[in-house]
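Here are some brief comments to read alongside the model. They are set out as numbered points.

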Amino acid sequence: MANVLEIQNLSKKYPGGVQALQQLTLTVEAGSIYGLLGPNGSGKTTTLGIVLDVLQASQGTYNWFGQSLKKETKRRIGAILETPNFYPYLSASQNLKIIADIKLANHREIDSVLQTVGLFPRRHSAFKGFSLGMKQRLALAAALLGDPEVLVLDEPTNGLDPQGIAEVRGIIQQVAAQGKTIILASHLLDEVQKVCTHMAVLQAGKLKVAGRVDAILAQHDQVIIRTENITQALGLLPQLPQVSNFRQEENYLMLTLANGYSSADLNQAFFQSGIILSELTVRKKSLESQFLDIIKDKNTSPA
Ligand SMILES: Nc1ncnc2c1ncn2[C@@H]1O[C@H](COP(=O)(O)OP(=O)(O)OP(=O)(O)O)[C@@H](O)[C@H]1O
């Protein structure tokens with residue numbers, strides 16, 4: 001899979017002295033929905049600002065589609081860093097016509113992007129009467145003009161009610177299904193888990209972990225197993241790369257999966273060593289405690 005974005009050792013110190021990013025390295029593959037997750041102030045907007053050429057990095061490099069960012073490359077990226085200034089008295093269509101002219105996009109695209117974001121029936125309504133969710137969807141439509149290969153979104157569901165959140169999430173998934181890559185910043189693990197295929201977790205400007213969402217979340221799950229061959233299993237466990245730690249509790253073994261492995265990988269490893277598991281239970285942590293684990297865990301290293 002080709003890489004859409006490669007960030008290497010990116011650091012940013014703001015003039016006031018705040019170190020917003022420290023040596024950030026990550027790669028976004030084509031076709032992924034990549035979540036940049038982190039608490040407030042962790043450096044998500046700064047990262048997006050730098051790679052969109054709105055902010056200057058203090059150190060480090062980034063490449064889009066294997067090249068440095070040029071005018072032609074910018075046309076391949078649609079972005080919403082903050083809600084665009086739409087004209088309140090103009091309709092959705094009229095506002096998009098102005099943006100299409102700026103982006104040198106064909107006016108024929110307007111109806112199609114309005115359909116994608118579910119605003120086609122309201123295309124003649126004035127922007128000032130739109131709900132917050134509709135305004136956000138119009139911003140998405142504007143970002144989609146010019147048919148970019150990548151969409152970059154900063155907190156796309158911020159301030160929306162549950163219905164608005166679900167609508168924006170549906171649009172993101174629909175756009176990704178058309179083959180576009182999506183990069184989005186969010187402080188909500190729930191949002192990232194529901195929509196993203198990959199994620200990077202930032203805390204105080206540092207990368208805590210990066211990789212597939214399912215693998216990262218599984219890493220903090222506890223797996224409880226039972227086997228007739230407990231002595232043999234205890235002998236095997238220290239050699240298994242799938243397990244980061246384990247302990248025995250009576251007839252059970254309590255294991256924590258290592259980064260990138262699932263309980264199925266673990267089951268297979270035991271089977272291949274001739275150990276049959278009579279029970280295997282995965283105890284999932286709540287999303288909230290997963291997130292706290294990730295940002296607290298000093299030993300978590302990037303995948
Ligand atoms: N223009 C600026 N000047 C000085 N410090 C800044 C500036 N912009 C951001 N910062 C600081 O840099 C750090 C990272 O901010 P950033 O906005 O990138 O984080 P974030 O993860 O996007 O947070 P949020 O979720 O609140 O938007 C914070 O400590 C913030 O206060």
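1. Are α3 and α4 parallel, perpendicular or oblique to each other? This is a predicted model, and in it helix α3 (residues 92-103) packs on helix α4 (residues 109-116) at an angle of about 120°. Angles of 65 to 115 degrees count as roughly perpendicular, and only those over 145 as roughly antiparallel. The two helices, α3 and α4, are therefore oblique to each other. Their axes lie 10 Å apart.

2. The crossing has a hand. α3 passes α4 in a right-handed sense. On the α3 side, Ala92, Ser93, Leu96, Lys97 and Ala100 make the contact. Glu109, Ile110, Val113 and Leu114 meet them from α4. By class, this contact has six nonpolar residues, one polar and two charged.

3. Now the whole chain. The protein has 303 residues, and 36% of them count as buried. Its secondary structure comes to eleven helices and 13 strands. Along the principal axes, the C-alpha atoms fill a box of roughly 75 × 45 × 35 Å.

4. Last, contact range. Take the contacts between residues at least 6 apart in sequence: 71% of these join residues at least 24 apart.

Definitions and conventions: Residues are numbered from 1 along each chain as its sequence is written. This is a predicted model: local features need pLDDT of at least 70, side-chain atom pairs count only at pLDDT 80 or more; totals for chains, interfaces and linings use all residues. Axes are lines fitted to C-alpha atoms, for helices over the stretch in contact, and angles run from 0 to 180 degrees between N-to-C directions. Helices (H or I, at least four residues) and strands (E, at least two) are DSSP runs, numbered from the N terminus. Angles under 35 degrees count as roughly parallel, over 145 as roughly antiparallel, 65 to 115 as roughly perpendicular and the rest as oblique. A crossing is left-handed if the near helix is turned anticlockwise from the far one by less than a right angle, and right-handed if clockwise. Two residues are in contact if their C-beta atoms, placed from the backbone, lie within 7 Å. Ala, Val, Leu, Ile, Met, Phe, Trp, Tyr, Cys and Pro count as nonpolar, Asp, Glu, Lys and Arg as charged, and the others, Gly among them, as polar. A residue is buried if 20 or more other C-beta atoms lie within 10 Å of its own, exposed if 12 or fewer, and partly exposed in between; C-beta atoms are placed from the backbone.
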